Amino acid sequence: MKKAPVNKIIPFSNVDGPGNRTAVFFQGCTFNCLFCHNPETIRLCADCGACVPGCPAGALRVNGLGRVVWDSARCVQCDACIKACPHDASPRVTWMTVEEVMGMIRRTAPYIGGVTASGGECTLRCEFLIDLFTEVKKLGKTCLIDSNGSFDFEADPRILSVCDGVMLDVKAVEPAWNDTLISYPRDLVLRNLDYLIKTGKLAEARTVIFPDRDRENEETVRYTARRIQNSCPYKIIRYRPYGVRERYRKLLGETETGADYAERFARLAREEGAARAYVV
Amino acid sequence: MSEALNIIKDPTLTYRQELVSLARLGESTDTTLRYSDAYYAAKQKGALCDLNEGVMPFRPRYICPDYEKLFERGCAFLQLEPPRDLMEAVNVLEIFYCHVPSITTYPVYLGDLDKLLEPFVRREDPAFAKKVLRLFLRNIDRVQTDSFVHADIGPEDTVTGRMLLELTEEMQLAIPNLTLRYDPDRTSDDFALACVRCMLKTAKPSFANHRMFVREWGERYAIASCYNGLTVGGGGYTLPRMRLYECSLDADSPDDFITRVLPGYIDLQLEYMDKRVRFIVEESSFFKSNFLVTEGFVSQENFIGMFGVVGLAECCNHLMGITDRKKGFGMDPEATALGRRIMDVIERRVSEHTAPYCGAFGHHYRLHAQVGIDTDGMDDSPGTRIPIGAEPTMLEQLEVNEQFHPYFPTGTGDIFKFEETYLKTPEAILQIIKGSLANGLRYFSGYLENNDVVRVTGYLVKKSEIEKLRQKKQSLNQVTLFGMGAQDGAHALDRRIQHHEESAGQ
């Protein structure tokens, strides 16, 4: 039975694609973005036990096999474990089967337009996603992927064949800035951008705008806008320091990107042809 | 100081509000209608409540005149000819409304406004038609000064319906209450989305499950007052309520409640209703001489008694010894299942009772989930709702509602407060509404957290008007006072907000 680590399932979300959607957040990411605002989703639990003593609700323990076990019924969602974790991971993760995830989706199905797989990076669970989306499709619902673009969609086209579209983050185009920000080769992301446009599967592109990074922001937005044109919405997201790891907040800024500043780049995107660019 | 003097000296009451209060006081001095000692004991304990309906019912509680008939034939008593154009139509309605009695003294049903006015609106220049409708809505807000005044639109998309929505949003008025009769086969998504946008900004219209109401009442049903299902050309005689939490205090266990305590209180409330219904029909002059009856705008056979309940959540929690509301009815499957058992008993016993003068409905009363009154405090949540402050996720809240809404043909509903991002995604809300109505939800209301016009329990008030009352100033809307009471006593405006959910990757 295939299982995947699920960080959480949000039954009703109006921000993970069009309409009302059930969003499944998988644990584990291929990137380690400096500005990640939930870095506890990046890695899988290493069973080091560092979080256990600090849990005020007694919801964490180390079992006989040396594994950290989380009791969701006792958990009070105080986030103490996440703050204590030295590995950018979380003990509050459930390994679920497709059928278990479908249990929630069958409940939400009457009220939603579809399901969005997010993360972390959900394409790390490619095989699981293919099975999950196949089941979701049987309910007549749409399937979207929220991805950082580290999965080669062209090399393995199975996943696109069961999903309606990909919402792709284009985080940094300029190579040096990309290396600073993401620590992952950017070429695959940009190749995916072109491939998804070509196949009509790009549901949305998004770029985070950082305070006082005129050149870097401009390069990313200009490149992306020229590529996507009117093929999909382009979400210009304001950087927010909330949740960002302290050492990186110092580098990226302690304040959120101003609305006017972000609007400047949405305007630039529209001038470059991305007619559906807007700030969130 | 005498009660009358209190009323007369109260600086926060308008003249009309004083008049109504004094009339109630006068009515309360009569002792003609008597009930059993057991009834009075139950009332004294707070287990049964007459909703201050008054000791002498001199009119049915809610009246839903047949306005189509008015437009076809005119009204001899009021010397009104059938209207020939929009100005006449609006004028006829404005006059007629002033002569429709109710428990509040204001008309609780204004008709299917879009359907009534559409032929006239379509013959006018749109800008002129809109101006006439604007003045019409202003007239209603300033003359029928009570939030239980209620108009219906839909299910079809109409020019008039669109104009009413636009004006509702522009004018930001608490009166009238407004319902969209929603049928996915007959209501276009485009019109439904316009209704969602308007609802977010003005707390109205609410969405009524048209198919469900048609199944129970036929095509010609009315949504009146807060959310009452009734028949056009008829109405509701009376609406008392069982305060289930107080009822449950007499029981030793859930089984004791269901087999002994509950049936006793049901029978007492039925006895009370029977007496009142007989009195209204047989003694009061309404069904003998009121022009609404003699000219056929309503007929006695189309009236029904509304059997109200309130506080199911607190009742179940008490019976199961649950002290933390967040772990009780609505969240705990056993507590929710107990709620269904209790409702099954109430439904069966009421449907086995032969009710007087309910000819069009098989001689039975129908159930109503009463929304609570300002003095209830935290003891009894509205109808079968999950208590404010204990709401689970929206999904779970809907799932619980869907189990209970089918019990209540004479009305129930729930209210959802949304955070600002939903303004940009009305289609997300429409999907939720569609799913929940298909699953058995009867009535869906919503509003944005930062609105001035907000829905309290079933009715609308302006927060700015509540502030006026707090400063000892008068509020034209006589319901503002209830809103203040519900805000203070039951924290009715602090319901859970449906937030947009941050996605995990920035």
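1. B:E399 and A:R107 form a salt bridge in which the closest N and O atoms lie 2.6 Å apart, a salt bridge being a side-chain nitrogen of Lys or Arg within 4 Å of a carboxyl oxygen of Asp or Glu. Across the interface of chain B and chain A, the rule finds one salt bridge. Helix 17 (394–404) and helix 18 (426–438) of chain B each supply at least two residues of the side that touches chain A (helices are DSSP runs of H or I with at least four residues, strands are runs of E with at least two, and both are numbered from the N terminus).

2. This is a predicted model, in which local features need pLDDT of at least 70 and side-chain atom pairs count only at pLDDT 80 or more, while totals for chains, interfaces and linings use all residues. Residues are numbered from 1 along each chain as its sequence is written, chains are lettered from A and ligands numbered from 1 in the order in which they are written, and side-chain values use heavy atoms, with hydrogens and water left out.

3. The contact (heavy atoms within 4.5 Å) takes 24 residues from chain B and 28 residues from chain A.

4. In chain B, an open sheet of six strands runs in the order 3-4-5-14-13-17 with mixed pairing, where two strands pair if DSSP finds at least two bridges between them. Strand 3 (150–153) and strand 17 (497–498) of chain B stand at the edges with a single partner strand each, so one side of each is left without a neighbour in the sheet.

5. Strand 13 (residues 414–418) and strand 14 (residues 443–448) of chain B pair in the parallel sense over five bridges, and B:F416 has B:G446 in strand 14 as its bridge partner.
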